[in-house]
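Subject: Structure handover

Hi,

Here is the structure for you to look over. My notes follow below it.

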Amino acid sequence: MVAKNCRSFGRTLGLLLLCLCCASARAETTLDAEPLPGYESYEHEALAWGEPLLQAALGDDLTPIAQTLQCEQVRLEDGTQGLVLLITLHDKDSSLFGIPMLVVDTGKQVLCEPLTGGGFESVLFFADLNGDGFDEAIFHSCVGLSGGMGSYAWGVYSLGTEGIDPLFDSGDVDTGYRIVLQPRGRAVVGNVFQSNPVAFALRETTLSFLYDSDWKPKSYSYEMMVDTAYELYPVTLPSEGSAETSSALALVEYCSLVGHSDHVGTAYTLLRYNPAERLPEVAQAMFHCSEEVTPEKESALPAWVEQRPQWFRDLWGE
């Protein structure tokens with residue numbers, strides 16, 4: 001994606017600041033959230049740029065409107081203060097689906113960037129993930145609602161005075177979880193970047209197409225689907241050998257088998273930026289299976305209760 005510059009104009013609005021989620025808090029912002037007042041000029045700019053995208057997604061028979069859901073004053077890469085807004089474009093008669101726009105007022109011009117082709121829930125976080133001393137904008141959105149926990153997308157953007165530059169996104173990151181089937185309906189999940197294999201029994205409903213009549217796996221390398229994180233938060237961590245801190249991303253991902261949507265477990269991943277690769281790398285990883293079961297006892301299973309690994313809970317002081 002290439003950042004587009006909207007028409008320049010002087011800042012005429014007072015800055016209304018909305019405190020966003022930091023390392024010790026979680027934010028939930030949806031298209032149904034009450035829009036923030038006082039940003040009509042920015043909304044006009046976002047709508048002028050993004051209306052064709054909304055029409056391409058929903059058709060021409062609509063009344064497009066723009067609503068500001070979040071705003072934050074952020075120090076840009078040249079050291080000046082800018083205003084960063086999350087604005088959604090949607091039909092006047094329905095706020096369920098919208099085009100999320102990242103809008104930056106540098107004080108000299110207004111920059112606009114569409115974040116996805118459309119979504120149902122969107123939120124912005126801010127943290128210095130690459131260690132350059134300036135916060136990046138971290139975008140997280142639900143882009144689909146069918147199957148499992150839905151489909152999600154996220155991305156990280158640097159904020160300059162001349163453009164909004166994507167650094168990396170969910171399509172650039174492999175969190176490294178793999179599954180190996182074993183006889184008698186069991187499986188082992190491990191992470192290629194961490195040494196933490198977890199053995200568990202699969203649900204009966206997943207077995208028929210995976211095993212033959214002798215309970216042998218049809219393939220020992222069946223793939224596991226790790227959906228893009230349905231939860232994502234920036235967190236603050238101590239730097240190794242230093243009193244300083246650094247920022248990282250904590251992800252929670254829904255896991256199923258390719259070709260079958262039954263939930264087999266949840267992946268918890270901590271991503272830290274690697275400046276040499278210019279991409280994040282897996283610093284911590286843990287897989288928690290959905291249920292410890294045997295196939296013959298599935299009907300008597302209790303409801304599954306998520307158990308977050310201790311290192312993940314420690315990030316939040318739980």
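At 2% relative accessibility, His 90 counts as buried. Buried means under 20% relative accessible area, exposed over 50%, and partly exposed in between (1.4 Å probe, protein chains only).

Some ground rules. This is a predicted model: local features need pLDDT of at least 70, side-chain atom pairs count only at pLDDT 80 or more, and totals for chains, interfaces and linings use all residues. Residues are numbered from 1 along each chain as its sequence is written, and side-chain values use heavy atoms, with hydrogens and water left out.

Back to His 90. The residue sits in strand E3 (residues 81–91). Helices (H or I, at least four residues) and strands (E, at least two) are DSSP runs, numbered from the N terminus. The His 90 side chain makes a polar contact with the side chain of Gln 67, at 2.9 Å. A polar contact is a pair of N or O atoms within 3.5 Å; within protein, one must be able to donate a hydrogen and the other to accept it, and residues adjacent in sequence count only if both atoms are side-chain atoms. Setting aside residues up to four places away in sequence, His 90 touches Leu 54, Thr 63, Pro 64, Ile 65, Gln 67, Ser 95, Phe 97 and Gly 98. Contact means heavy atoms within 4.5 Å.

Next, Asn 130. This one is in the loop between strand E6 (121–127) and strand E7 (136–144). Asn 130 is partly exposed, at a relative accessible area of 22%. A polar atom of its side chain lies 3.2 Å from the backbone nitrogen of Asp 132. Beyond its neighbours within four places in sequence, Asn 130 contacts Glu 136, Leu 167 and Tyr 273. Its C-alpha atom is 9.0 Å from that of Ala 248, 118 residues apart along the chain.

Then a sheet. Three strands form an open, antiparallel sheet in the order E10-E11-E12. Two strands pair if DSSP finds at least two bridges between them. E10 (177–182) and E12 (194–201) are at the edges with a single partner strand each, so one side of each has no neighbour in the sheet. Strand E11 (residues 186–191) is joined to E12 by 5 bridges. Arg 186 stands opposite Ala 201 in E12.

Finally, the whole chain. The protein chain has 2 helices and 17 strands. Of its 318 residues, 49% count as buried. Among contacts between residues at least 6 apart in sequence, 55% join residues at least 24 apart.

Best regards
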